[in-house]
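I'm opening my notebook on a new structure today. I'll look at the sheet and then at the ligand site.

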Amino acid sequence: MSSGRPVVAVGALGGTIASSSTDGSAVVPTLSAERLAEAVPGLVESAAVHAETLAMLPSPSLDEPTVLRALCWAREQVDGGAVGVVLTQGTDTLEETSYLLDLFWDRPEPLVVTGAMRSPQSAGADGPANLLTAVRTAVAPASRDRGVLVAFDDELHQARWVAKTDSVATGAFRSPVFGPLGRYVEGEALYGAPARHPVPVELPDLRTRLEEPLPRVPLVVTHLGDKGEVLDVVTAAEPDGIVVGGFGAGHVSAEMAEVVGRAAVAVPLVFASRTGAGPTGRAMYGYPGSEVDLVRRGAIAAGWLSPFKARLLLWTLLLTGETDGERLRAAFADRGAP
Ligand code: ASP
């Protein structure tokens, strides 16, 4: 505690929320964490903010090591007494970074991720409101033990379901099927029924692990007329695992199913639904390329995880050294379930 106010650590990674331009041209990330915090009316009354700039990147240029370093920083902050942590970043990859953080976040303190769709110099910039929501959410005792939260446009989402569903609207984030966990109303984080948060994955020693080769897990999204040519090329590049974004409940063409079968013998191959909502099937269809057929050929179903989140789960499990097919399947059955 400092001056009676709870300490919240705010780590800035860049993105639209931190972007500006001096000559009216297109914006780029420039603003430090301190500048972001200073610009929010009411923030200092809510918490003693410790602001640090961790990166200054557009979020398409974030990567797994950068996110894991931010995770370590967040852990240090709560170990040092912060009641919660906020990370600000670009929205383009926020649905992925928040889930990667969530897979490892093993603290009761809230870790809240936010950003903005409109840059600070635009009329009706949403960054300050989102940052205030995130900080007040991080302070709220009701936010504890919920894993990583995404605070955006007055809604509070669970990291494993949230998705960016609009390229420009301020209400860009949705949690398809399950909806947001809570709402931010009149300065307060309010939650509905508690949601399950799977057990965190044990974080390897990153000082050594990040020096070693990292898992290579490409995502191949299928499309009309796809006979598996791209998957074939990807498999030949010998990745450590593959995720396929399938049609509907996780389907591919009969021809591509043959390629899936060959790839799944070589590396863990996970298939997810490319639809943006709903799970992979379990026993609905039996034709070549159906979910039943892909599982029979050795592929692992992602359940309710989107292809992007499934890719991060597979990457994370491979990072920890897990390659056993049955244990990978069990991890997806657990973490891909509501
Ligand atoms: N459009 C993005 C954003 O909202 C840019 C980025 O992801 O960095 O921040």
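**Around the ligand**

I started with the ligand in this predicted model. Sorting its shell by class, I got 3 nonpolar, 5 polar and 1 charged residues. Then I listed who they are: Gly15, Thr16, Pro58, Ser59, Pro60, Gly90, Thr91, Asp92 and Ala116.

Next I asked myself which residues have polar atoms facing an oxygen atom of the ligand. Thr91 uses its side chain, with an N or O atom 2.4 Å from a ligand oxygen. Asp92 brings a polar backbone atom, 3.0 Å from an oxygen of the ligand. For Ala116 I again noted a polar backbone atom, and the distance to a ligand oxygen is 3.1 Å. I also looked up how covered the ligand is: alone it exposes 260 Å², and the protein buries 83% of that.

**The sheet**

I moved on to the strands. I found an open sheet of 8 strands with mixed pairing, and I wrote down its order as β4-β1-β5-β6-β7-β8-β11-β12. At the edges sit β4 (48-57) and β12 (188-191), each pairing on one side only. Neighbouring strands in the sheet are turned by 25° against each other on average, ignoring direction.

I zoomed in on one pair. Strands β8 (residues 155-158) and β11 (residues 182-185) run antiparallel, and 2 bridges join them. Leu156 stands opposite Gly182 of β11 there.

**A helix across it**

Last, I checked what helix α5 (residues 127-139) lies across. My list reads β1, β5, β6, β7, β8, β11 and β12. Against β5 (84-88), helix α5 runs at about 160°.

Key. Residues are numbered from 1 along each chain as its sequence is written. This is a predicted model: local features need pLDDT of at least 70, side-chain atom pairs count only at pLDDT 80 or more; totals for chains, interfaces and linings use all residues. Side-chain values use heavy atoms; hydrogens and water are left out. Two strands pair if DSSP finds at least two bridges between them. Helices (H or I, at least four residues) and strands (E, at least two) are DSSP runs, numbered from the N terminus. Axes are lines fitted to C-alpha atoms, for helices over the stretch in contact, and angles run from 0 to 180 degrees between N-to-C directions. Contact means heavy atoms within 4.5 Å. A residue is near a molecule or strand if one of its heavy atoms lies within 4 Å of it. A polar contact is a pair of N or O atoms within 3.5 Å; within protein, one must be able to donate a hydrogen and the other to accept it, and residues adjacent in sequence count only if both atoms are side-chain atoms. Accessible areas come from the Shrake-Rupley method with a 1.4 Å probe; for residues, only the protein chains shown count as cover. Ala, Val, Leu, Ile, Met, Phe, Trp, Tyr, Cys and Pro count as nonpolar, Asp, Glu, Lys and Arg as charged, and the others, Gly among them, as polar.
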